[in-house]
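Okay everyone, let's get going. Have a look at what I've put up on the screen, and I'll talk you through it.

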Amino acid sequence: GIGTSARALAARVPQVILAHGVDRPDNARRLARAGLADWLPAGSWDERAVTGALLAALARPVPEFAGADPMFPVDSVAAAAGAVERVADRLAVPAG
């Protein structure tokens, strides 16, 4: 599920998602669209497709933001505050 994907991103592990049922296909599509994983929809899980997806995932560079240590979770409040401050800085009108 999404928790496993989050852990894999944090550990910088390439992902090929074979998602089936509930919210898993939607999560897989979103991760693939963001360039964070490969996914194969149910019905296309054959040896050739899975092998190709695995090889592609292993060849792709790991996203720069990945690699946070899962044993030391992010302080989400501080991270959110930092993001807001960065946006505010970009939107700030120069004095004068």
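So, A32 touches A37 and W39, leaving out residues up to four places away in sequence, where contact means heavy atoms within 4.5 Å. Quick word on where this comes from: it's a predicted model, so local features need pLDDT of at least 70 and side-chain atom pairs count only at pLDDT 80 or more, while totals for chains, interfaces and linings use all residues. Residues are numbered from 1 along each chain as its sequence is written, and side-chain values use heavy atoms, with hydrogens and water left out.

Back to A32: you'll find it in helix α2, residues 24-33. Helices here are DSSP runs of H or I with at least four residues, strands are E runs of at least two, and both are numbered from the N terminus. A32 has 26% relative accessibility, so it counts as partly exposed; buried would be under 20% relative accessible area, exposed over 50%, with a 1.4 Å probe and protein chains only.

Now, which residues of α2 are buried? They're P25, N27, A28 and L31. Looking down the axis of α2, these fall within an arc of 160°, so they line one face of the helix; that arc is taken from the directions from the helix axis to the C-beta atoms. They pack against α1 (2-10), β1 (16-17) and β2 (38-39).

Over in helix α1 there's S5. S5 is at 7% relative accessibility, so that one counts as buried. Setting aside neighbours within four places in sequence, S5 is in contact with Q15, I17 and L31.

Last stop: α2 is followed by G35, with a positive phi near 75°.
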